[in-house]
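Here are my notes on this one, point by point. Have the viewer open while you read.

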Protein chains: 2
Amino acid sequence: MKPETLKDIAKELNLSISTVSRVVNGKGYVKEETRQRVLDFLATRNYVPNEIARSLKAQESMTIGIILPDLREVYFNRIIKEIDRVVSAAGYMLLIADTNESKKTERRYLDLMFQKRVDALVISTIDMDPAETPYVERYLNNGTPIIFIDNHPKLDSDQVNFVVLDNHQASRLAVQTLIDNGHRDIAVIAGYLDEPTGYERMEGYCQAMEANDLHPDPALIAIGNFKADGGYRCMEELLLQRDVHPFTAVHVASEMMTIGALRAIREHGLTVGQDIAVIGFDVHDDLGLATPTIATVRQPEEEVGQRVGLMLLQLLRPEKYGAPEETKVRVKAYLQSGSSIHKLQ
Amino acid sequence: MKPETLKDIAKELNLSISTVSRVVNGKGYVKEETRQRVLDFLATRNYVPNEIARSLKAQESMTIGIILPDLREVYFNRIIKEIDRVVSAAGYMLLIADTNESKKTERRYLDLMFQKRVDALVISTIDMDPAETPYVERYLNNGTPIIFIDNHPKLDSDQVNFVVLDNHQASRLAVQTLIDNGHRDIAVIAGYLDEPTGYERMEGYCQAMEANDLHPDPALIAIGNFKADGGYRCMEELLLQRDVHPFTAVHVASEMMTIGALRAIREHGLTVGQDIAVIGFDVHDDLGLATPTIATVRQPEEEVGQRVGLMLLQLLRPEKYGAPEETKVRVKAYLQSGSSIHKLQ
DNA sequence: GGCGGTCTTGCAAACGTTCTCACATCGATA
DNA sequence: TATCGATGTGAGAACGTTTGCAAGACCGCC
C-alpha cells in the first residue's frame with residue numbers, strides 16, 4: 001500500500017540505506033557487483049524516490065509558483081505552456097493558482113506558496129498596493145526570485161524582475177499601421193489612464209501621431225474601462241459626434257474593448273474595413289472566425305514564456321545557465337494584419 | 001536569509017519546539033500567558049511554517065497533480081479554474097503539467113508527479129495503451145485517486161474514476177436541433193471511429209436520425225481527423241457529390257473540424273445558415289466574432305470542473321465530504337444556438 | 001612489512017515538522 | 001492528606017532522504 005522506501009530496499013538486500021541511495025543517485029563509490037545487485041532488485045520492485053524528503057534535505061522544492069488573476073485568458077496559457085516546457089527540462093514543476101481577480105485570494109496564495117517553499121515565483125499581480133509588499137518581501141528577503149508578468153509593481157528595487165509588453169511600441173505600431181494605410185483622422189479608445197497599461201498605450205498613440213506630424217484631436221480620444229461595454233460606449237460617443245469630429249480609423253487599446261467597439265460600429269449600420277478601419281489590441285481570433293478578420297497588435301506570448309522560463313533558470317542556477325543579462329524586459333508587439341483596415345485614397 | 005524555523009523561535013523564547021508548535025497549530029494545552037507571549041513574538045518576526053517538512057511528517061503533500069495534452073485549450077482552462085476554486089478551499093494546490101500531446105512526456109510527468117507524492121491526480125491522457133498501466137498502476141496500488149477527464153482508458157477497474165462528456169447525448173442534441181428546424185437530409189463529419197470520442201458522437205448522430213425515422217445515408221457520413229484540414233476535406237467531398245446525395249444541414253463533430261468545414265462552404269460560394277445549416281461541436285467563440293454566429297453543442301466546462309473538484313475532495317476526505325455517489329460521470333452537453341442554422345419549410 | 005592511496009560500506013546527523021509520552025504542577029475532592 | 005483529573009511543558013522519535021566521516025579491505029610500491 002504505502003510506497004517503498006530506501007530503508008525497505010536496504011533491509012531486503014542486507015545493505016545500508018546509504019549504499020542503496022548511492023546506487024539510485026549514481027554518485028559515490030559502490031562496487032560494481034553491489035551496484036548490479038541493487039539495480040536488478042530494484043527492477044523487480046516499484047521503488048520511487050520520495051521527492052518530499054529530498055526537498056526537505058536539499059532545501060529546494062524544485063517547484064515554481066505561478067499566480068494569475070484568471071486562468072481562462074488564452075494569453076496566460078500560452079505563456080505557462082512555454083514556461084513549463086523550458087523549466088521542466090531542468091526538473092522543475094509548476095504550481096499554479098488562479099486568484100479570480102481578488103486581491104485577498106492573491107495574498108492567500110502568496111502565503112500558501114511560500115509555505116510550500118517554491119523556488120521561484122511568477123506572478124501577474126492585480127495588487128500594486130504597498131500593502132502587498134510584506135507578502136512579496138518575504139520572498140525577496142529569502143532570496144526567492146520573483147518575475148512579474150503582464151505588469152509590475154511601482155516599487156523599483158533591482159530585485160524586481162519582469163517581462164512585460166512594450167505598450168508604447170505596441171500602440172505606436174497599431175497607429176502607424178493605420179497611417180501607412182492612408183488614414184490621418186484617427187481616433188483611439190484607451191483604457192483607464194491611471195493604470196500604466198492604459199496610460200502607456202495612450203502615449204503610444206500620441207507618439208505615433210506626432211511622429212507623423214499629426215495632431216491628436218482631444219475629441220477623438222475616448223477613455224474606456226478595458227471591458228466590452230466600455231468599448232461599446234466609447235465607440236458610440238465617437239460615432240455620434242462624427243460629423244463634427246470626423247475620423248476614418250480607430251485604434252482600440254484592449255481586446256474586450258475592441259469587441260464592444262465592433263458591435264457599436266455594426267449597430268450603427270457601418271461596415272468595418274470599409275467605412276471605418278479598426279485595429280485592435282491583443283485580439284485573439286485564432287480560429288479565424290471573424291469577418292472581416294480583425295487587424296490587431298499582439299504580444300508574442302511564446303516569446304514571453306520562453307524569456308520567463310530562461311530567466312527563471314538563470315536566476316535559480318546561474319552557475320549552469322549564466323547570470324541573466326537583463327531582468328527587466330519589455331517585449332515587442334507584432335502586427336497581425338486583417339481586413340478590418342482598408343486603404344484610404 | 002534562510003526562513004526561520006520553529007527551533008529559532010523556540011530558542012529565542014526559551015521554550016521548547018513542541019510548545020511553539022502547539023501555539024502555531026492551536027492544538028494541545030498551552031497556558032494562556034505563554035500563548036500570548038509566543039503570539040506577540042511571532043507578530044514581530046516573519047515565521048512561515050515549512051510545508052515540506054509538514055508534508056513529510058504527515059505523509060500528504062496537499063497537492064493535486066493535473067496532466068494535460070495542451071494547456072492552451074480553453075476547454076481545459078475553465079475546468080482547471082473550477083477545480084482550483086473548489087479544492088483550494090480545502091487547502092490543496094495544483095501541480096500542472098503540459099505533455100504537449102506526447103506519450104513519452106506524459107509518462108515522464110506521471111513519474112515526476114508520483115515522486116512529488118501528489119495526493120491525487122487528474123489526467124486527460126492521450127495514452128490508452130496497456131503499456132501505460134504500470135505508470136498508472138503505481139498510483140492505484142498506492143491508493144492515490146485518479147480522475148480521468150475528457151476521455152478514459154479502456155481498463156475498467158472500479159478504481160478508474162472519470163468525468164467525461166456524454167458524447168452520444170451531445171451529438172444527438174445537435175442533430176435533433178437540426179431536425180427541429182426542419183432539416184431531414186443531414187450530413188455528419190465525424191472523427192476517427194477507432195477513438196471512443198469519434199465513435200460515440202457518430203453513434204449519437206445515428207440515434208437521433210433513427211429516433212426520427214430518418215435513415216442515415218452512408219454517403220452523407222464523412223470521417224475526418226479531428227483537425228481543421230480534415231473538416232475542410234470532408235466538407236469538400238460532401239459538397240462535390242451534393243447533386244447525387246443532397247443535404248441541407250451538417251453536424252461537424254469537433255471544434256477544429258467545424259472551422260475547416262466552414263471555410264470549405266464559404267469557398268464553394270455557399271452561405272452558412274442559408275444554403276447549408278451547420279451545427280458544430282464544442283466551438284468556442286466566446287468573443288462572438290463569427291458571422292453568422294455558429295450554433296454548437298458545448299460541454300459545460302464549469303460543471304465538469306466542479307464535479308472533478310468535489311469528487312477529489314470526496315475521494316481524499318470521505319469522512320469530511322462524504323463518499324462520492326458516482327465516480328463515473330458523463331455530463332450532458334448543452335445547446336448554444338446561433339444563426340448558422342436556418343429554418344427549413 | 002610498512003605505508004599511502006583508492007575503494008567499499010555503514011553509521012549517524014541533519015533537514016523542519018508533528019505528536020506521543022513522561023513528568024510536573026495545581027486545584028478540587030474524598 | 002492522599003488521590004485524581006485537568007493543565008502545562010519538554011524530550012525525543014519519526015517521516016525518507018543525502019552526505020560527511022570513519023573504518024576496514026585491498027592494492028602497489030619502496
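1. Let's begin where the two protein chains meet: 42 residues of chain A are in contact with 42 residues of chain B, a contact being two C-beta atoms, placed from the backbone, within 7 Å. On the chain A side, α4 (51–58), α5 (74–88), β2 (93–98) and α6 (103–115) each put in at least two residues. Helices and strands here are DSSP runs (H or I of at least four residues for helices, E of at least two for strands), numbered from the N terminus. By class, that side of chain A has 21 nonpolar, eleven polar and ten charged residues. For the classes, Ala, Val, Leu, Ile, Met, Phe, Trp, Tyr, Cys and Pro are nonpolar, Asp, Glu, Lys and Arg are charged, and the others, Gly among them, are polar.

2. Before going on, some housekeeping. This is a predicted model, so local features need pLDDT of at least 70 and side-chain atom pairs count only at pLDDT 80 or more, while totals for chains, interfaces and linings use all residues. Residues are numbered from 1 along each chain as its sequence is written, with chains lettered from A and ligands numbered from 1 in the order in which they are written.

3. Have a look at the strands at the chain boundary. β2(A) pairs with strand β2 (residues 93–98) of chain B, antiparallel, over three bridges; pairing takes at least two DSSP bridges between the strands. Within this pairing, Leu94(A) sits opposite Ile96(B) of β2(B).

4. Now the DNA. Around DNA strand C there are 28 residues, and Ser16(A), Ser18(A), Tyr29(A), Asn50(B) and Ala53(B) come nearest. To be near, a residue needs its C-beta atom, placed from the backbone, within 6 Å of the molecule or strand. Both protein chains take part: α2 (17–25) and α4 of chain A, plus α1 (6–13), α2 (17–25) and α4 (51–58) of chain B, each supply at least two residues. The surface near DNA strand C splits into twelve nonpolar, eleven polar and five charged residues.

5. DNA strand D is surrounded by 28 residues, with Leu6(A), Ser18(A), Asn50(A), Ala53(A) and Ser16(B) closest. Here α1 (6–13), α2 and α4 of chain A and α2, α3 (32–44) and α4 of chain B each give at least two residues. The largest share, six residues, is from α2(A). The classes come out as eleven nonpolar, ten polar and seven charged.

6. Which domains does chain A have? The assignment lists domain 1 (6–49), domain 2 (60–159) and domain 3 (167–299), with bounds taken from an automatic or database domain assignment. The C-alpha centres of domain 1 and domain 2 of chain A are 38 Å apart.

7. The largest nonpolar core has 176 residues, and Ile189(A), Val250(A), Ala261(A), Ile189(B), Val250(B) and Ala261(B) have the most contacts inside it. Such a core is a set of buried Ala, Val, Leu, Ile, Met, Phe, Trp, Tyr and Cys residues joined through C-beta atoms within 7 Å. Leaving out residues up to four places away in sequence, Ile189(B) touches, among others, Ala222(B), Cys234(B), Met235(B), Val250(B) and Ala261(B).

8. Strand β9 (residues 277–281) of chain A is largely enclosed by the rest of the structure, because five of its five residues are buried. Buried means 20 or more other C-beta atoms within 10 Å of the residue's own, exposed means 12 or fewer, and partly exposed is in between, with C-beta atoms placed from the backbone. Strand β8 (residues 249–252) of chain A pairs with β9(A) in the parallel sense over three bridges, and His251(A) has Ile279(A) as its bridge partner.

9. Ile186(A), in strand β6 (residues 186–190) of chain A, is buried, with 24 other C-beta atoms within 10 Å. Neighbours within four places in sequence aside, its contacts are Val175(A), Leu178(A), Phe247(A), Ala249(A), Val250(A) and His251(A).

10. Finally, some backbone details to check. The peptide bond from Thr291(A) to Pro292(A) is cis, omega near -5 degrees, and Pro292(A) is in the loop between β9 and β10 (295–298) of chain A. In chain B, the bond from Thr291(B) to Pro292(B) is cis as well, with omega near -5 degrees. Asn14(A), not a glycine, has a positive phi of about 60 degrees; Asn14(A) is in the loop between α1 and α2 of chain A and counts as exposed, with 7 C-beta neighbours inside 10 Å.
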